[in-house]
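Got your viewer open and a selection tool ready? Here's a walk through the fold, one stop at a time.

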Amino acid sequence: MVDKADFAVRYGSWALVAGASEGIGATYAEALAVRGLNLVLVARRAELLQSLAAKLSTKHKIETRIITLDLSASNAVEQIAEETRDVEIGLLVYNAAFSAIGPFLERPLEDHIQELRTNAFTPLKLIYLFAQQMMTRGRGGILLMSSLSAFQGSAYISTYAATKAFNIVLAEGLWEEWRERGVDVLVCISGAVKTPNYVASQPEQTGGLGDMTIVPDQVVREALDGLGKGPYVIPGRMNGISSFVMRHLLPRKAAVKIMGRILRKMYVKS
Ligand SMILES: NC(=O)c1ccc[n+]([C@@H]2O[C@H](COP(=O)([O-])OP(=O)(O)OC[C@H]3O[C@@H](n4cnc5c(N)ncnc54)[C@H](OP(=O)(O)O)[C@@H]3O)[C@@H](O)[C@H]2O)c1
């Protein structure tokens, strides 16, 4: 675990948060500002980014820079590379995601492709870009966001869950490759979190298990505490217990069926 005061020493003075305009991403930005890191904030909505950047630079006396773009665009990483050429990104937090909820064939193919681009293709390219520099410096950190839905097939969010599984497996592999080279890799595997995006998806209930939603502060606190320990954290005690049952005590087929039942209750209106 990296001490709060040591963040800038451990990772360098700049962090980039992709998907920073609200919810968990904005909470990461604030938590990193508290640790004294300068921030590059990336998302599509310029006004939200501008007001967050202004607030954090005044409150925490840090430098901020915003990049307004669509992370699913094919040239997104080239644009980020161009706009960060003069700063050393020591910590990459990839938080943005797209989740196309609903029966697979009722969503246009383009939605599934956009999930792949936003959740898998762009983070892969960003890691490739920044990790080269981190390896050369012998220090750095990479934090990816994933979801409990990624531990097994998850009906009605099948592509989203598959992209999030990609993030888990990628992060675990890189953690093992780089843990002796000064570059910390962590994937945060979260259950439901009360974010504007989650609330806007209008889930009926969290599948009859009671309200297990947690708040962004808890996700970010546990993820940043886990950096340097890796390769993954599952925020929230109940999420840890339920995912243990799903992964280790139930046959995989049963876990897929249970997850399908939960998601059907949440999202398929009868
Ligand atoms: N909320 C949950 O229940 C939950 C559960 C498990 C895992 N997670 C994971 O936690 C992360 C954050 O989730 P969230 O609920 O806070 O909301 P989100 O809607 O997934 O992401 C929010 C942030 O990402 C940005 N973003 C999304 N698509 C983008 C794009 N194409 N280009 C640029 N920026 C983009 C949004 O800003 P703009 O709209 O301004 O671009 C916003 O700042 C995601 O990786 C998600 O998979 C969330």
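Two strands count as paired when DSSP finds at least two bridges between them. Keep that in mind for the first stops, and remember that what you're looking at is a predicted model.

**Stop 1: the sheet**

Switch to cartoon and colour the strands. Seven of them make an open sheet, and reading across you get β3-β2-β1-β4-β5-β6-β7, with parallel pairing. Strands β3 and β7 are the edges, each pairing on one side only. Strands of a sheet pair through backbone hydrogen bonds, either parallel or antiparallel.

Now walk across the sheet residue by residue. Select L16, and you'll find its bridge partner in β4 is L92. From L92, step to its bridge partner in β5, I142. From I142, move on to V185, which stands opposite it in β6.

Here's how those strands are held together:

- β1 and β4 run parallel and share five bridges.
- β4 and β5 are also parallel, joined by four bridges.
- β5 and β6 pair in the parallel sense over eight bridges.

To see how the chain gets from β4 to β5, follow it through α5: this β-α-β crossover is right-handed.

While you're there, highlight β4 alone. Is it buried or exposed? Six of its six residues are buried, so β4 is largely enclosed by the rest of the structure.

**Stop 2: the largest core**

In soluble globular proteins, nonpolar side chains tend to be buried together. The largest nonpolar core here has 37 residues. Pick out L16, I80, I127, I142 and W178, the ones with the most contacts inside this core.

The largest share, six residues, comes from α5.

Centre on I127 and list what touches it. Skipping neighbours within four places in sequence, I127 contacts L92, Q132, I142, L144, L170, L174 and W178.

**Stop 3**

Go to N38 in strand β2. N38 has a relative accessible area of 12%, which puts it under the 20% cut-off, so it counts as buried. Beyond residues up to four places away in sequence, N38 touches S13, W14, A15, I62 and E63.

Next select L39, also in β2. L39 is buried, with a relative accessible area of 0%. What does L39 contact once neighbours within four places in sequence are set aside? The list is W14, A15, V17, A29, L32, A33, L56, I62, E63, T64 and R65.

**Stop 4: charges over rings**

Select R35 and F7 together. R35 lies over the face of F7, 5.1 Å from the ring centre. Then jump to R179 and W175, where the charged end of R179 sits over the ring of W175, 5.1 Å from its centre.

**Stop 5**

Most residues other than glycine have a negative phi, and most peptide bonds are trans. Here are the spots to check against that:

- K61, in the loop between α3 (46–60) and β3 (64–68), has a positive phi near 55 degrees. At 70% relative accessibility, K61 counts as exposed.
- Y156, in the loop between β5 and α6, isn't a glycine either, yet its phi is positive at about 75 degrees.
- G230 and P231 are joined by a cis peptide bond, with omega about 0 degrees. You'll find P231 in the loop between α8 (216–226) and β7 (232–233).

Notes
Residues are numbered from 1 along each chain as its sequence is written. This is a predicted model: local features need pLDDT of at least 70, side-chain atom pairs count only at pLDDT 80 or more; totals for chains, interfaces and linings use all residues. Side-chain values use heavy atoms; hydrogens and water are left out. A nonpolar core is a set of buried Ala, Val, Leu, Ile, Met, Phe, Trp, Tyr and Cys residues joined through side-chain atoms within 4.5 Å. Buried means under 20% relative accessible area, exposed over 50%, partly exposed in between (1.4 Å probe, protein chains only). Helices (H or I, at least four residues) and strands (E, at least two) are DSSP runs, numbered from the N terminus. Contact means heavy atoms within 4.5 Å. A crossover is right-handed if, with the strands pointing away from the viewer, the path from the first strand over the helix to the second runs clockwise. A charge sits over a ring if NZ of Lys or CZ of Arg is within 6 Å of the ring centre and within 35 degrees of the ring normal.
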